[in-house]
Amino acid sequence: MVSLMQGRLPINQDVLLMQKGMLARKVRSKSWKKLRYFRLQDDGMTVWHARQAGGKAKPSFSISDVETVREGHESELLRSLAEEFPLEQGFTIVFHGRRSNLDLVANSVEEAQIWMQGLQHLVDFVTSMDQKERLDQYHDWFQRGDKNQDGRMSFPEVQRLLHLMNVEMDQEYALQLFQAADTSQSGTLEGEEFVEFYKALTKRPEVQEVFENFSADGQKLTLLEFVDFLREEQKEGERASDLALELIDRYEPSDSGKVRHVLSLDGFLSYLCSKDGDVFNPACLPIYQDMTQPLNHYYINSSHNTYLVGDQLCGQSSVEGYIRALKRGCRCVEVDIWDGPSGEPIVYHGHTLTSRIPFKDVVATVAQYAFQTSDYPVILSLENHCTWEQQQVMALHLTEILGEQLLSTTLDGLLPTQLPSPEELRRKILVKGKKLQTLEEDLEEEEEEEPELEAQFESEPQELSPRSKDKKKDKKCKPIMCPSLSALVVYLKAVSFHSFTHSREHYRFYETSSFSETKAKSLIKEAGNAFVQHNAWQLSRVYPSGLRTDSSNYNPQELWNAGCQMVAMNVQTAGLEMDICDGLFRQNGGCGYVLKPDFLRDTQSSFHPERPISPFKAQTLLIQVISGQQLPKEDMTKERSIVDPLVRVEIFGVRPDTTRQETNYVENNGFNPYWGQTLCFQVLVPELALLRFVVNDYNWKTRHDFIGQYTLPWTCMQQGYRHIHLLSKDGTSLHPASIFVHICIREGLEGDES
């Protein structure tokens, strides 16, 4: 059995040297710096480490876990140790999801370059692997099952492998498959024999049944038969004919099949496992929504206390929080700024033990990463606690570091009548914060003579209006607003909220209020429709309760139902609430902006999120949960344990629509469990609904153990036979784990004659 390295990865001098190993210093903090021996394994896909060369080694990371490799000067931790270690010898391995970065310092610049280039080479290779190569799991399974590494697999090794693969199989049936694959009759499986065994093991009888239902001869789907399938089951409508030709050309493995316009069972399975066969509609993956409406018409992916990568009391503050938030599509990030030493403002969670970072480092990081994931505007939500002098420094850093990216005046220099659109604000960074005067007064002053403007900047400090009641502690030293910082707030002037009537009578469209989750939820119950109307003309930001010191999250759905645009999340904390947030913003190119439904963009809307009534187009959803594929164990170290999987489908939307149902569990089979159960849901407001598919390991003692999930908007769901590709709790892919379902949406509620 050839290794992955020999078989598929182009040989590279850096990679070969990585296989010889390197002694490097692993750095966790200024005080934790320890020598470790790192070595790339022969498979070319995993790096192990030991305390010393030849010592007992254990896995450190897999290449597929790595997102990118950064140079030493890009790491704030390595920069802080620059006097101790040359930055040129350091590098940082950045992982997918929320796993902490790995900072390493090599013994020489040459070794650092070898590992940086070699790792990036391997990461690029894994990223470019096509679907077929990604489905080629048998190489990896063979290496794991071949316990004595002799290139052959005995039947006892196969039995051990079945446990590793999370499947319990009748021993007699397993032996039949083994003997059928052992064509050389050597009593072991080698190379292609194991490939045949694996293929027999991974047969999909439930897919074959669907295939045969539409195939006249059971061997192939003709073009017309495939068109019928796409039209009747997949609900592809008029485009079914053209789509059938495209899909055959894309997924049929044989050239003769492509020429004859027929689809084999292998091609049919490839289609069902692809993006085209995914539950998420590929038409919703790119930017597909109207991006020319005012900012307040969109949900905006927002982060709370972005600088924190841990809890709210003692957690670490780091620019890494901004990098991760911006790269995952956040468009509104928060910065808490306080007076720092040597006249330099610092960022941290005030009155806590959280660590501090320089404000200028945060601004530089935002400048670098703001538009790597999305071109649409980034909002800097400033919580300014600085004195006049350090506010001037803040304004200087913002203007000098951000340069042309910073929006410092209205787009055309004229007084607007509504907020600009994401399209108009492409690649612009907007400041949200307190402001001394109105936008109208700002624009009038811009027309004045330069000497008068200079005189204003040199004038005495001016006090802001008193802060809201939840900040009584700071009233003894009210912050003073510096005009140069005030001038950078254009379209997003922060104002205190008193009542919806007060806002309507006294505030302007470019003024925005922030609400604690408790206050916002209370307003939804007391005056849900007024909140909807308010959010149709003004931006709102909601932030987690101060009691969430563990950086836990609230469910954003309830706030989205009222049209709140910036529902700020602790993005460093994985779980149900972040799954919902990621689910909504998975659409529209992951650009961080999602257009609200029309009834949440109308200032005269009659919609009440707590009491939704007609004329919404209610729908009935039927989900047949058919089967699962290669579901992982929660604890891969427990070789003998096998999961008992069940599927739970959860719907989040307006209160009457929020519900859940689950299947029975399948005992001792995580490899190819079959459920064949149908769940039925009735939804009043589909435009606001999200679906979350969760796979759990049944455990009567602990309310089940989490295996994987996938969350998506109702409006992005495809009907028909679909695969749902599962994500980990951290939001990273669990490939090849999936569940196979059939989805049918009917207009109206079941039993409703209308």
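1. A cavity is a set of grid points where a 1.4 Å probe fits but cannot get out. With that in mind, please remember that the structure above is a predicted model. A search of the whole structure turns up one cavity of 30 Å³ or more.

2. Let's look around that space. The largest cavity has a volume of about 30 Å³, and its lining is made up of Leu78, Leu81, Phe85, Pro86, Leu87, Gly90 and Val105. Sorted by class, six lining residues are nonpolar, one is polar and none is charged.

3. Now to the charged side chains. The count of salt bridges comes to 30. One of them joins Asp65 to Arg99, with the closest N and O atoms 3.8 Å apart. Asp65 sits in the loop between strands S4 and S5 and Arg99 in the loop between S6 and S7, so this pair ties together parts 34 residues apart in sequence. Asp65 is partly exposed at 30% relative accessibility, and Arg99 is partly exposed at 34%.

4. Which residue does Arg98 meet in a salt bridge? The partner is Asp730, at 3.2 Å from N to O. Because Asp730 lies in the loop between S32 and S33 and Arg98 in the loop between S6 and S7, the pair ties together parts 632 residues apart in sequence. Arg98 counts as buried, with 15% relative accessibility, while Asp730 is partly exposed at 22%.

5. Have a look at Arg508 and Glu440 too, whose side chains form a salt bridge (3.3 Å, N to O). Arg508 is in the loop between helix H21 and strand S22, Glu440 is in helix H18, and the two are 68 residues apart.

6. Finally, find the network of salt bridges that links Asp579, Arg648, Glu650, Arg660 and Arg692.

Conventions: Residues numbered from 1 in each chain as written. Predicted model: local features only at pLDDT ≥ 70, side-chain atom pairs only at ≥ 80, totals over all residues. Heavy atoms only, no water. 1 Å grid on protein atoms, 1.4 Å probe; cavity = no way out; pocket = protein on both sides within 12 Å on 5 of 7 lines; lining within 4 Å. Points joined across faces, edges and corners; volume = space filled by probe spheres on them. Nonpolar A, V, L, I, M, F, W, Y, C, P; charged D, E, K, R; others polar. Salt bridge = Lys/Arg side-chain N within 4 Å of Asp/Glu carboxyl O. Helix = DSSP H or I, 4+ residues; strand = E, 2+ residues; numbered from the N terminus. Buried < 20%, exposed > 50% of the residue type's maximum accessible area, 1.4 Å probe, protein only.
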